[in-house]
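Please consult the sequence and the structure shown here while reading.

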Amino acid sequence: MVSAGGPSIFKSGIGCEACYEVKCSTNSACSGNPVTVVITDECPGCVSESVHFDLSGTSIGAVEKSGLADLLRNAGILQVQYKKVDCKYPGTTIAFHVDPGSNPNYFATLIEYTNGDGDLASVDLKQALDTDGWQPMQQSWGAVWKLDSTGSTLLPPFSLRLTSLDSRKTIVATAVIRAG
């Protein structure tokens, strides 16, 4: 269940991977049942609204009365109730997808399935032989974080430290990215 978010939800990418409970009840085709969605992108053209969810087809199907999804899809903008909730991925662990453009001087990774807040305030990288030094990564886009080496070769395995946006909880994944 995914959704794009307007600027106040997507937050220039920081809001990516955050979870929201969304319920539509003002349209006769709405079931009134809430659905939890994960923010995965920015809503194109949703500049002026303070809050906007561009629900996927699957998400719309989950908030509609059975068989009435086309009515909701054709209704345009729907009024919804929403609240931010913890992300829950039962049976799934956090995933790091290394960007294919990564090389000895540049590293980027997509981070998925972060239980709890979902959205990350910061990501830091520690190299193989560095016992104390955490290097801050930059958010590239959405849930992709990158580190450009400044003249030196990056030495895997890499450990990653993730800090959540709202609760400021920290997760350390030790030696999670191996060489190659």
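Q: From which domains does the lining of the largest cavity draw at least three residues each?
A: In this predicted model, the domain assignment of the chain gives domain 1 (2-84) and domain 2 (95-177). The largest cavity has residues of both in its lining, with at least three from each. The domains asked for are therefore, under the automatic or database assignment, domain 1 (2-84) and domain 2 (95-177).

Q: What is the volume of the largest cavity?
A: The structure contains one cavity of 30 Å³ or more. The residues lining the largest cavity number 13, and those nearest its centre are C16, L120, G142, A143 and W145. The volume of the largest cavity is about 60 Å³.

Q: How many residues of the lining of the largest cavity are charged?
A: The lining of the largest cavity comprises 13 residues. Six of these are nonpolar and five are polar. The charged residues in this lining number two.

Q: Is G13 buried or exposed?
A: G13 is located in the loop between helix 1 (7-10) and strand 2 (19-24). Its relative accessible area is 1%. A residue is classed as buried under 20% relative accessible area. Because its value is 1%, G13 is buried.

Q: With which residues is G13 in contact, leaving aside its neighbours within four places in sequence?
A: A C-alpha separation of 17 Å lies between G13 and P136, which are 123 residues apart along the chain. Contact requires heavy atoms within 4.5 Å. Beyond its neighbours within four places in sequence, G13 meets this criterion with Q139 and G142.

Q: How far apart are the centres of domain 1 and domain 2, and how many residues does each give to the contact?
A: Taken over C-alpha atoms, the centres of domain 1 and domain 2 are separated by 29 Å. The contact takes 13 residues from domain 1 and 14 residues from domain 2.

Q: Which element gives the largest share of the lining of the largest pocket?
A: The largest pocket is lined by 16 residues, with H52, F53, G76, I77 and L78 nearest its centre. Two or more lining residues come from each of strand 4 (53-55), helix 3 (69-73) and strand 5 (80-85). The largest share, three residues, is supplied by strand 4.

Q: What volume of space lies in the largest pocket?
A: By class, 10 residues of the lining of the largest pocket are nonpolar, three are polar and three are charged. The space in this largest pocket comes to about 380 Å³.

Q: Which residues lie nearest the centre of the second largest pocket?
A: The second largest pocket holds about 200 Å³ of space. Its lining divides into 10 nonpolar, three polar and two charged residues. Of the 15 lining residues, those nearest the centre are S102, N103, F107, F158 and G180.

Q: What percentage of the contacts in the chain with a separation of 6 or more is between residues 24 or more positions apart?
A: The secondary structure of the chain consists of three helices and 13 strands. Along its principal axes, the C-alpha trace spans about 60 × 35 × 25 Å. Among contacts with a separation of 6 or more, the percentage between residues 24 or more positions apart is 66%.

Terms used:
Residues numbered from 1 in each chain as written. Predicted model: local features only at pLDDT ≥ 70, side-chain atom pairs only at ≥ 80, totals over all residues. Heavy atoms only, no water. 1 Å grid on protein atoms, 1.4 Å probe; cavity = no way out; pocket = protein on both sides within 12 Å on 5 of 7 lines; lining within 4 Å. Points joined across faces, edges and corners; volume = space filled by probe spheres on them. Nonpolar A, V, L, I, M, F, W, Y, C, P; charged D, E, K, R; others polar. Helix = DSSP H or I, 4+ residues; strand = E, 2+ residues; numbered from the N terminus. Buried < 20%, exposed > 50% of the residue type's maximum accessible area, 1.4 Å probe, protein only.
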